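Subject: Handing over a structure

Hi,

Please take over this structure from me. Have a look at it first, then read my notes below.

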Amino acid sequence: MRRRAGFTLTELLIVIGILLILSTMSLAVYNTGRSSDRIRSAARIGQSAFLGAKDRAMHAKNFRGVRLTRDANGPTFSSTNLFPALVNGFAMVQPISHDPYPTGTIRLERLDMNQDGFADTPDILVVRGISTGNIGAVDWSNVYSFFGTVGQIRIPATTGQWYTFTVATSGPYAIGPSNQCLILQTPYSNTSGAIVSPAVIAYPFTGTAPAPVGGCDIQFGNEVLPFHQPIPLPSATVLDLRYSSSNVQILAGANIINTTGLLAPNIDISFSPRGSIAGATGGQGALYFCLRDLADAMSTSTNPLTAGGPRDPSDPACQGECLILALNPATGLVQTYPANLTDAFINSSGPNTATTTTGQDGYVDNLFSFAQQGKAAGR
């Protein structure tokens, strides 16, 4: 009797099933590795952008910086805060040339919140006038787009000290044709030698103003370097400002409730000729940026504890890796660390604020702990 050659249908189906399982596993490993490679490539690009701006500042012996370009099509911080929350690239910037303003064109006004003609605090801000004896209406909204995150004013011109200022973007003192406001962020010593604090005020001012100071130089912010091409992050990778450190969120305008639909000021990080971070940003401590996969950043959490909100980096449903870019303000150096995705405690007030109370709440406890300790995960 002749022996049968070949395989039975059952045997073929078993072999095909095994091959499908192996190919699916291989594809999953490949996709995970590819996502990891994209995130790490994005970290290298971010490092190069910051260090490139630092090198430019030291070489030019002038301020140079990095502008974080927002993804206008991505999610916002919240339903009431409409500022874009994702960053998809960088641009190199330099200061816009400042123009000297003659003596008498700048006044330091005291806060009169109740508009009763009396200064209720010693706080001041900068207002541009039209002559020594009058304060003129200046539409700062015409130049607001150039301010970036902060501007600067030098009092008196040429020889004085630089002070940082910014503008109000929401509320009763929002910048606009009827509110000529520049918020002085650093103390200024008036003619009597007293130190005054930062504040906000609206124009016109009905109280008694101090005597005009000498001529001033105003720095309106930054502009993109000529002939410079934007630096995009790799496809499907973003800096997620919602899970970056609190000082980064302040720079991004996350502390301002936006109900007018206006975009937040540009997120500019400037370096001084010495290589350190310049301006008020340099005094806010280390900056930690959350770098993650775009699909994870765009997704909505399915965790019952955080359902409906953005997907936390510690969510098991996240497919991509999460890294932290740590920028040191004193040295201007930037390093990459793994994110600590531990969720072992109940946060006291929202994401990234861990307490000693045990019990998971769906939020990562301290995303930046490895970066803060300068160590890799598990070491």
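Here is what was found, starting with confidence and ending with single residues.

**How to read it**

This is a predicted model, where local features need pLDDT of at least 70, side-chain atom pairs count only at pLDDT 80 or more, and totals for chains, interfaces and linings use all residues. Residues are numbered from 1 along each chain as its sequence is written, and side-chain values use heavy atoms, with hydrogens and water left out.

**Confidence**

The term pLDDT stands for the predictor's confidence in each residue, from 0 to 100. The chain averages 75. At least 70 is reached by 61% of the residues. Helices (H or I, at least four residues) and strands (E, at least two) are DSSP runs, numbered from the N terminus. Among the elements, strand E16 (residues 287–293) has the highest mean pLDDT, 96. Strand E10 (residues 195–196) has the lowest, 52. Residues 129–137 have a pLDDT below 50. That stretch still has 23 contacts (heavy atoms within 4.5 Å) beyond near neighbours in sequence. Residues 199–208 are also below 50, with 38 such contacts in the model. Where pLDDT is low, the predicted coordinates should not be read in detail.

**The whole chain**

There are four helices and 20 strands. The chain has 379 residues, and 45% of them count as buried. Buried means under 20% relative accessible area, exposed means over 50%, and partly exposed is in between (1.4 Å probe, protein chains only). Look at contacts with a separation of 6 or more: 65% of them join residues 24 or more positions apart. The chain exposes about 18800 Å², and carbon and sulfur atoms supply 58% of that. Such areas come from the Shrake-Rupley method with a 1.4 Å probe; for residues, only the protein chains shown count as cover.

**The cores**

A nonpolar core is a set of buried Ala, Val, Leu, Ile, Met, Phe, Trp, Tyr and Cys residues joined through side-chain atoms within 4.5 Å. The largest one has 33 residues. Phe50, Leu68, Leu239, Ile269, Phe289 and Leu327 touch the most other members. Several elements each supply at least two residues, including helix H1 (9–60), strand E1 (64–70), helix H2 (246–251) and strand E17 (322–327). H1 gives the largest share, seven residues. Leu327 touches, among others, Phe50, Ile269, Phe289 and Val334, not counting residues up to four places away in sequence. Apart from this core lies another, of twelve residues, among them Tyr243, Tyr288, Ala326 and Val364.

**Aromatic pairs**

Rings of Phe, Tyr and Trp (its six-membered ring) pair if their centres lie within 6.5 Å; planes under 30 degrees apart count as stacked, over 60 as edge-to-face and the rest as tilted. The whole structure holds three such pairs. Tyr288 and Phe368 have ring centres 5.4 Å apart and planes at 15°, so the pair is stacked. Tyr288 lies in E16 and Phe368 in the loop between strand E20 (354–358) and helix H4 (369–373), so the pair ties together parts 80 residues apart in sequence. Both residues are buried. Elsewhere, ring pairs link Phe50, Phe90 and Phe289 into a cluster.

**Asn247**

Asn247 lies in helix H2. Is Asn247 buried or exposed? Asn247 is buried, with a relative accessible area of 8%. Its side chain makes a polar contact of 2.6 Å with that of Ser245. A polar contact is a pair of N or O atoms within 3.5 Å; within protein, one must be able to donate a hydrogen and the other to accept it, and residues adjacent in sequence count only if both atoms are side-chain atoms. A polar atom of the Asn247 side chain also lies 2.9 Å from the backbone oxygen of Ala286. Leaving aside neighbours within four places in sequence, Asn247 is in contact with Gln284, Gly285, Ala286 and Leu287.

**Two loop residues with positive phi**

Lys61 has a positive phi of about 55° although it is not a glycine. Lys61 sits in the loop between H1 and E1, and is exposed at 67% relative accessibility. Phe227 has a positive phi of about 60°, and is not a glycine either. The relative accessible area of Phe227 is 87%, so this residue is exposed.

Best wishes
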